[in-house]
Structures are given as C-alpha cells and as structure tokens.
Amino acid sequence: MHLGQIVAGFLLPHDPLMASMPDAPPPEKVANCREAFARISNRLHELEIDTVIVIGDDHYTLHGPSCIPRYMIGVGDVEGPVEQWLGIERRVVPNNSPLAEHIMRYGFEHGVDWTVSKTLEFDHSIGVPVEYVVKPVPGIRTIPIYINSGFAPFISSRRAYEVGRNVGLAVAEWDGNERIAVLGTGGISHWVGMAKMGTVNEVWDRHVIEFVERGDAASLIALTDEEIIREAGNGGLEIKNWIFAMGVLGPLVGEVIAYEAVPEWICGCGFMELKAA
Amino acid sequence: MSLAAVEKAMWDLGASVENRERFGAFPDEFLAKYPLNAAERDMLKSWDVRRLTDQGCDPMLAMMTWNAVVGGDQTPEYMRRMNTPPSE
C-alpha cells in the first residue's frame with residue numbers, strides 16, 4: 001500500500017458508552033470489542049505510525065445552534081474529552097500542526113474552505129479512539145477532523161468523500177516523512193435520543209460492512225440521509241465519517257476486524273481495516 | 001414554532017452549570033431571554049422531549065440536554081417519555 005505517506009486506514013466505533021459503561025454488555029461482546037481496539041492499536045505500532053488523522057463528528061457537545069461547522073480541522077492545541085461522564089481523563093493530545101496546517105492550506109487553495117480550530121476541545125468521537133487505539137502507542141500525534149454528520153444540517157455524503165479526497169491529495173503533496181494512519185470513527189446503526197434508542201439493525205450494519213469490504217464508496221454515498229435515518233437512526237449517519245476516511249485513502253477494500261451488535265451500548269460496533277485489493 | 005430559539009435554550013442549559021442552576025431556581029426568568037411562546041416554555045419546563053422532538057428539535061440535543069439537566073441516570077424515564085405519544 002503506497003498513498004504518499006498514508007500507510008494505513010481503519011474504521012471503528014467511538015461509542016461513548018464503551019467508556020462510561022464498559023461492562024454493561026455480555027462479557028464476550030466486551031472482550032471482542034476490546035480485542036478489536038487492541039488489534040488496531042497493535043497495527044499502528046507494527047506499521048510505525050507517528051501521525052493519525054481522526055475523523056469524528058460533533059454531538060452538540062462542541063458547537064451549539066449558533067454555529068454549526070460543516071467540516072473543521074484542528075491545527076493547533078488539542079485537548080479533551082470535554083465530557084466528564086465518559087470516565088476518560090481529560091488531557092492534552094499532541095497534534096502534528098505542520099501537517100494539519102498544510103492540509104488546511106491545501107484545502108483553501110483547492111476548494112475546501114475549512115473551519116479551523118486553533119484550540120480544539122474534542123468530544124468522545126475523537127476521545128474514545130484516541131484513548132483506546134492511539135494512546136497505547138507512545139509518540140503518535142493526532143490531527144482531529146470534525147464533519148457534521150451528527151445533527152442537521154448534515155454534510156452530504158458526496159461532500160464528505162470529496163473533502164476526504166482533498167485531504168488525501170494534500171498529504172500526497174506533503175514533503176514530510178511521517179507515517180500516517182487514518183481513523184474513520186462512529187456508526188454503525190444507533191438511534192441517539194430517538195424513540196428507538198437501544199435498537200441495533202445488524203442486517204443494515206452488515207450491508208454497510210459489505211460495501212466497505214468491496215471498497216464500494218459509491219454505494220455508501222448513494223444511501224440517502226432519509227434512508228439511513230430510517231434504517232439505522234441518526235447515529236447511522238456517522239457512516240459519513242467512514243466515507244470521508246475512504247475518500248482520504250482512495251480505492252481500497254475493507255477487511256473486517258470485528259462486528260458486534262451491542263444494544264447495551266445502543267450501537268452496532270464495526271471495526272475494519274482498509275487495505276489494497 | 002421558533003425552533004431555533006428552543007434549541008438555543010436547550011443547548012445553553014446543557015453547556016452551563018450556571019444556566020442549569022438558574023433554570024432550576026427561576027425557570028420562567030431564565031426562559032424569558034429567549035423568544036419563546038407559552039407552549040414552548042411549557043415543553044421545556046416539563047421536559048416534554050417527545051413533543052419537542054416531534055416538532056423538530058434535534059433528538060441528540062434533547063438527550064444531551066436531558067442528561068445535563070435531569071440526569072444521565074434518568075435515561076429510562078427519557079425513553080418512557082419518548083415512547084409515549086402526546087395525548088392530544
């Protein structure tokens with residue numbers, strides 16, 4: 001796999017209940033999810049990754065209705081998570097600011113008007129993957145990217161892919177020698193705050209996984225927001241974070257690391273690695 | 001319905017302990033700074049999350065605000081309300 005300096009890509013949940021209610025599900029499901037996190041973390045170590053680009057989404061925890069960024073990159077100080085109830089200790093997370101600023105500038109010059117955060121305080125969508133996957137590997141820096149897949153007005157899936165592609169092209173023009181991994185976080189089916197919260201649509205989740213296995217971003221993009229909300233809840237729209245990551249990485253296929261339907265965590269939890277066909 | 005104002009009030013409550021304390025002590029006074037009608041104020045004071053979301057408030061915001069104001073340990077009550085259709 002050779003995509004500039006990007007050497008790995010993973011899709012994984014950022015379910016906050018994994019942190020706040022770690023033992024709520026049956027033990028075998030908990031163990032499987034923990035093992036999946038550990039496997040991704042081990043891959044970051046094996047591949048000598050030194051920078052991760054983490055794709056998350058706001059949950060009305062960072063921004064209120066007075067300002068809803070469509071996509072935002074953290075180029076400076078990064079700290080979190082902001083939610084005390086997660087049970088994850090708030091801390092400063094090192095950024096790769098030179099590369100983040102390069103991605104920002106490349107975007108400005110090529111049709112992506114980033115919202116920019118110089119002092120980003122992140123929520124669980126960055127906090128959970130960083131805690132379970134990145135933190136165990138010393139020395140990895142984190143570039144956080146937020147897209148608005150959590151609440152309306154949602155970024156379109158097409159635009160999520162396009163901005164992701166822009167990030168991939170930016171990295172390809174970066175003259176640094178970093179070894180970079182991309183983490184697309186969130187999903188799969190879950191109904192956050194909706195009447196069906198606690199439901200998991202495993203059949204739909206496995207359709208999404210099959211699309212990723214085939215590297216079929218077009219079929220994921222073709223899913224309408226209305227269809228996703230109906231079949232997978234508002235949280236299902238977080239597959240846009242996956243689509244964004246697929247855009248960064250370009251044409252790859254997916255390999256399933258693990259999948260668990262976990263009503264206790266109100267979520268279908270999918271873990272995948274993106275690899276060359 | 002001034003949906004944006006309802007969502008702004010909810011978000012302000014979720015974001016600030018001081019706001020929650022003021023709302024808890026003087027709900028009408030707190031809500032008076034938002035352009036809300038009587039029905040909207042009542043929905044917020046009674047945390048009628050079903051009616052709020054039926055009328056367009058974001059469910060994620062409703063739950064985050066509920067967790068902050070009512071309590072994260074009150075999720076079963078939140079779900080009971082969400083699954084109880086409005087009486088009228």
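In this predicted model, helix H2 (residues 27-46) of chain A packs against helix H4 (residues 124-134) of chain A, with their axes 8 Å apart and an angle of about 70 degrees between them. Angles of 65 to 115 degrees count as roughly perpendicular, and H2(A) and H4(A) are therefore roughly perpendicular to each other. On the H2(A) side the contact is made by A:Phe37, A:Ile40, A:Ser41 and A:Leu44, and on the H4(A) side by A:Val128, A:Tyr132, A:Val133 and A:Val134. Sorted by class, the residues of this contact are seven nonpolar, one polar and no charged.

A second pair of helices in chain A is H6 (residues 202-213) and H9 (residues 239-249), which pack at an angle of about 5 degrees. Angles under 35 degrees count as roughly parallel, so H6(A) and H9(A) are roughly parallel to each other. The axes of H6(A) and H9(A) lie 12 Å apart. Here A:Trp204, A:Val208 and A:Val212 in H6(A) meet A:Ile239, A:Trp242 and A:Met246 in H9(A). The contact of H6(A) with H9(A) holds six nonpolar residues, with no polar and no charged ones.

The next element is a strand, S2 (residues 51-56) of chain A. Is strand S2(A) enclosed or open? Six of its six residues are buried, so S2(A) is largely enclosed by the rest of the structure.

S2(A) pairs with two strands of chain A, S6 and S7. The table lists these pairings.

| S6(A) (residues 141-147) | parallel | six | A:Thr51 and A:Arg141 |

The remaining values concern the predictor's confidence. Chain B averages a pLDDT of 93, and 98% of the residues score at least 70. Among the elements of chain B, the lowest mean pLDDT, 92, belongs to helix H6 (residues 59-71) of chain B, and the highest, 97, to helix H3 (residues 27-31) of chain B. For the complex, the predictor gives an ipTM of 0.93 and a pTM of 0.96.

Methods:
Residues are numbered from 1 along each chain as its sequence is written. Chains are lettered from A and ligands numbered from 1 in the order in which they are written. This is a predicted model: local features need pLDDT of at least 70, side-chain atom pairs count only at pLDDT 80 or more; totals for chains, interfaces and linings use all residues. Side-chain values use heavy atoms; hydrogens and water are left out. Axes are lines fitted to C-alpha atoms, for helices over the stretch in contact, and angles run from 0 to 180 degrees between N-to-C directions. Helices (H or I, at least four residues) and strands (E, at least two) are DSSP runs, numbered from the N terminus. Angles under 35 degrees count as roughly parallel, over 145 as roughly antiparallel, 65 to 115 as roughly perpendicular and the rest as oblique. Contact means heavy atoms within 4.5 Å. Ala, Val, Leu, Ile, Met, Phe, Trp, Tyr, Cys and Pro count as nonpolar, Asp, Glu, Lys and Arg as charged, and the others, Gly among them, as polar. pLDDT is the predictor's confidence in each residue, from 0 to 100. Buried means under 20% relative accessible area, exposed over 50%, partly exposed in between (1.4 Å probe, protein chains only). Two strands pair if DSSP finds at least two bridges between them.
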